[in-house]
Amino acid sequence: DIDQLPNASANGRESSVTPADARLQAVNEAQEFSPDMLDYMKNKWNIANRGFDYNVVAVFGSQSTGKSTLLNRLFGTNFDVMDEVSRQQTTKGIWASKARDADVLVLDVEGTDGRERGEDQDFERKSALFSIAIAEVLIVNMWENQVGLYNGANMGLLKTVFEVNLQLFQQKGSPKTCLFFVIRDFTGVTPIENLAATLTKDLERIWAGLNKPPGKEASLISDFFEFNFAGLPHKVYAPENFKNEAEKLKGRFYDRQNPAYTFKPAFHKHIPADGFPQFAEAIWEKIVTNRDLDLPTQQQLLAQYRCDEIMRVAYDTFAEHIKKYRVQLESGKVLEGLGKETQQYYLEAIEAFDADGSRYNKEVYQKKRAEFKEKMATALHVYYVQQLRNLHKSALNLFNERLAERMKGDDSEFARKLNESRQEAMSYYSRIAEATKLHDADWDGDEYQAQFEIEIEEIATQKRIEAMGRVLGKLDSFITQSLVEPIEVLLNEGPNDVWKRIFVVFRETLASAERELSKQLAGFESSDSEITAQVQKMKFQAWELMQKTIKSEFVDVKVLERLRHRFEQKFRYDSDGIPRVWSAGDDIDGPFSAARDDADALSQLYAKINVPESELDPSIVEDERFDPNAFVVLSPARLQNLRDRFKREADLLFVEAKRSIVTNQVG
Ligand code: GDP
Ligand code: MG
């Protein structure tokens, strides 16, 4: 019997192990990894040079369930077995050895049974995680009557181990691990298949409840693990059966031809044997330094539970307080006191949370506190955004109102009025936006503010265009008034220097229009180039207006009318303006030809603007639209035609005058 080999127990007996029997405390009670692993693999177990041609098996299960006994029986190792007489505890740690007659590394875990002793399961968790990460096959050892008992079968521990294993060690395509359930004191009353089904269901339930890392949410337990099951009868009460079944079980580990051979290539971790010690040590270090493994201790679980509860109560009160703002904000109001008031509720809520929460596990409390703040901030951020939207509208209204007040039908100093109104609206916006922010939160309102500023700029541009349009419109009427009527009057009078005088009117009008325009544009804070362009435009428009006026004053009827008028003034009135009554013997021919010549001279005067081009504002002459022929008022042909027509009219008047003498004599 393997159990009865010398040195199978460490209790006091002197060791004289053969190299194959040598066992190593790979991890000691202080949780330190042994520096001697490589040496053992090379010199005691002669396995370091096997390349990939070796296997690793480990064991997991409650204290004193016969794990070491089983390993010794299966692999011919000599791990410590608890002394049946003294019930003395075996040495804590992870023990390693090599199977007799096979290149199999065997790991035995000796722990205190924390669950039963009310201690935390720190070492169990770490060693289980270690085993599952480095072994191809993990023997899960349990009593038959533990099957279906969540705690009894250490299933709770498995859950944590699965969770951390998934998070730390499993990548896509990682080799699977075999979980080999060995049911001890197996009676056979319940067939092994039924026990297997129960265990499988439990495992799947555990898997479903895991916190899975991102990307692995949908993974199945079968993506990472395979299951084997075997029953072993009671070692003491059914020693024969125990022996036979153990022998059969051994065949599954040793006999490669066995259809149930356990070490499938798919489980191999692909670590060359000589690198195994380093690999195992690295895994152990990673496990020991991982803080998640200490979670969840009872203390932390309690802290989480209580902090969640305290948070819920505090949040409810907070939510109740801030509820009232929602309706007001949704109706479009800007709530000036919103920031200050919600800040107050926020601080009160944190105070309430701190009062109870701070007594619990510090780390959990801090984490939950941050979570709580975040949750309140999120709720308040919705208000913040709504407030900014309302603020946007109301600040635009304020801008429009203030600008309108300042303008009141007066377009002067537009730029100043605009700037002042804009400044008021912007500082109103900034003040409220800033006051609405939660002090703790890192909210960014820049986007909203930028949008607001763009819109205010758009309105400002529009208002400027309108005001400028009004100013230019007024200037237009001024020019029209100053030009059209005076030109008409001068043309009707027809003095010899008519054109010179018209040009004086034109120049003076331009000069005052330019002065006025420059003054107005200064109020718009126009740039020099904008002013130059506007002045130029105004001058040329004035020039065109004058030409248009002249043209309409020189339609045929109007010209003939003026010639006739001039003629009649000379012919029908004497030099004192007294109407003439012709008597027989009066000299009609003399006055007639004088009056006719005078009218004719007038037609010559009208025909061409006899002012040098240099009298005109250079900017008008230089304009590409300027027409050099503009100085010709009546073309020679038109002039001739008008003179002919006038002559006929004058002749008629002459005849009429003659005839009136006859009439006078008869009368
Ligand atoms: P371990 O702590 O799980 O490694 O358990 P041990 O191998 O040290 O065994 C603990 C005790 O259980 C020892 O007294 C063994 O003799 C006894 N034992 C070993 N195998 C069996 C078994 O199959 N059935 C029962 N009932 N006891 C066993
Ligand atoms: Mg043991």
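Predicted model: local features only at pLDDT ≥ 70, side-chain atom pairs only at ≥ 80, totals over all residues.

Colleague: OK, so is Ala208 buried or exposed?
Modeller: Ala208 counts as exposed, because it has 10 C-beta neighbours inside 10 Å. Ala208 lies in helix H6, residues 192-208; helices (H or I, at least four residues) and strands (E, at least two) are DSSP runs numbered from the N terminus.

Colleague: What share of the contacts comes from residues 24 or more positions apart?
Modeller: They account for 75% of the contacts with a separation of 6 or more. A contact means that two C-beta atoms, placed from the backbone, lie within 7 Å.

Colleague: Switching to the ligand: which residues come nearest to ligand 1?
Modeller: Gly66, Lys67, Ser68, Thr69 and Lys235 do, out of 17 residues around it. Near here means a C-beta atom, placed from the backbone, within 6 Å of the molecule.

Colleague: Which helix gives the largest share of that shell?
Modeller: Helix H2, residues 67-75, with 3 residues. By class the shell has 4 nonpolar, 8 polar and 5 charged residues. For the classes, Ala, Val, Leu, Ile, Met, Phe, Trp, Tyr, Cys and Pro count as nonpolar, Asp, Glu, Lys and Arg as charged, and the others, Gly among them, as polar.

Colleague: Now helix packing. At what angle do H10 and H11 pack?
Modeller: At about 165 degrees, with the axes of H10 (338-357) and H11 (362-407) 11 Å apart. Axes are lines fitted to C-alpha atoms, for helices over the stretch in contact, and angles run from 0 to 180 degrees between N-to-C directions. H10 and H11 are therefore roughly antiparallel, a label for angles over 145 degrees, with under 35 being roughly parallel, 65 to 115 roughly perpendicular and the rest oblique.

Colleague: Which residues meet there?
Modeller: Among them are Tyr346, Ile350 and Phe353 in H10, and Phe372, Met376 and Leu380 in H11. The contact divides into 10 nonpolar, 3 polar and 3 charged residues.

Colleague: And at what angle do H14 and H15 pack?
Modeller: About 150 degrees, with axes 10 Å apart, for H14 (498-523) and H15 (528-553). That pair is therefore roughly antiparallel as well. The contact includes Leu510, Ala513 and Leu517 of H14 and Val535, Met538 and Ala542 of H15.

Colleague: What's in the loop between H14 and H15?
Modeller: Glu525 sits in that loop. Its phi is near 55 degrees, a positive value in a residue other than glycine. Glu525 is partly exposed, with 14 other C-beta atoms within 10 Å.

Colleague: Last one: is Asp185 buried or exposed?
Modeller: Asp185 counts as buried, because it has 20 C-beta neighbours inside 10 Å. Asp185 lies in the loop between strand S6 (177-184) and H6, and has a positive phi of about 50 degrees although it is not a glycine.

Conventions
Residues numbered from 1 in each chain as written. Chains lettered and ligands numbered in written order. Buried ≥ 20, exposed ≤ 12 C-beta atoms within 10 Å, placed from the backbone.
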